[in-house]
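My notes follow in the order I took them.

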Amino acid sequence: MKIVHYPHPSLRHPGRPLTAIDKKLNVQVGEMFELMYGARGVGLAATQVALPYQVLIMNLTVDPNQRDKEEVYINPVIVERKGSLEDEEGCLSFPGLYQKVRRAKTVMVRAYNLKGELVEVVANDLAARAWQHEIDHLNGVLFIDRLESLDQLQKVEPRPESEAVRS
Ligand SMILES: [Zn+2]
C-alpha cells in the first residue's frame, strides 16, 4: 500500500460504500494510519491509497503517539454545512502544493465507525476542513477542483514545514 499522487486514476474514482467491516479492513486501516503519519497528514481517504471504498481516517493531532485520537469513518455523508472560511490547504496526493480553498466553517457528518455504529459528528474550522477534503476524495473530487480561479494553481516550492492542513 502507498499514497498515490495526482494524476493516479484512483483519485478520480468514487469509493464504493462498504457493506461489511471485517478483519481485512482493520488491517488496511492500520496501514493507512502508518502512511498518514509518515506523510505528517491529519487525514487520509481510502481512494488515496487506491482502495475503492468509502473509508477515511483522521488524527487531527498529527501525532502517532496519540493513538486515542485516531478516528475511522465509513460511508460518511455531510448532512449540514454552515458558514464559510478560506484557508490554506495541502493534499498528501499533491506533495508540496498548498492553495487557499474556501470551505464550510462547520459541518455535520453522519458515518459508521469501525465498530459499525452510526455516529454523528459536528466539526469546526480545521476539523471541518479535513472532513470536507476527505469526503471529496471519496467522491473523486480533489482540492484543485475547489480553487476559485485556475490562476491560483501554480506549483510552489515544496514547503514540508507548512502549517496548512494536509490530508
Ligand atoms: Zn487530499
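I began with burial: of the 167 residues in the protein, 47% are buried. I note that this is a predicted model.

Next, the fold. I find 2 helices and 8 strands. Along the sequence they run α-β-β-β-β-β-β-β-α-β. The radius of gyration is 15 Å, close to the 15 Å from the globule rule for 167 residues, so the protein is as compact as a globular protein of that length. Along the principal axes, the C-alpha atoms fill a box of roughly 45 × 35 × 30 Å.

Then contacts. I took pairs at least 6 apart in sequence, and 67% of these contacts join residues at least 24 apart.

The accessible area is about 8,600 Å², and carbon and sulfur atoms hold 52% of that. I also looked up the charges: 21 are positive and 23 negative, and their mean positions lie 3 Å apart.

Which residues touch the most other members of the largest nonpolar core? They are L56, Y73, V107, V109, A123, W131 and I135, in a core of 19 residues. At least two core residues come from each of β2 (55–58), β3 (71–82), β6 (106–112), β7 (118–124) and α2 (125–138). The largest share, 6 residues, is from α2.

Leaving out residues up to four places away in sequence, W131 touches L56, M58, Y73, P76, V107, V109, V121 and A123.

I also noted a second, separate core of 18 residues, with V29, L44, V49 and V55 among them.

Methods
Residues are numbered from 1 along each chain as its sequence is written. This is a predicted model: local features need pLDDT of at least 70, side-chain atom pairs count only at pLDDT 80 or more; totals for chains, interfaces and linings use all residues. Side-chain values use heavy atoms; hydrogens and water are left out. Helices (H or I, at least four residues) and strands (E, at least two) are DSSP runs, numbered from the N terminus. The radius of gyration is taken over C-alpha atoms; the globule rule is 2.2 Å times the number of residues to the power 0.38. Buried means under 20% relative accessible area, exposed over 50%, partly exposed in between (1.4 Å probe, protein chains only). Contact means heavy atoms within 4.5 Å. Accessible areas come from the Shrake-Rupley method with a 1.4 Å probe; for residues, only the protein chains shown count as cover. Lys and Arg count as positive and Asp and Glu as negative; His and the chain ends are not counted. The place of a charge is taken as NZ of Lys, CZ of Arg, CG of Asp or CD of Glu. A nonpolar core is a set of buried Ala, Val, Leu, Ile, Met, Phe, Trp, Tyr and Cys residues joined through side-chain atoms within 4.5 Å.
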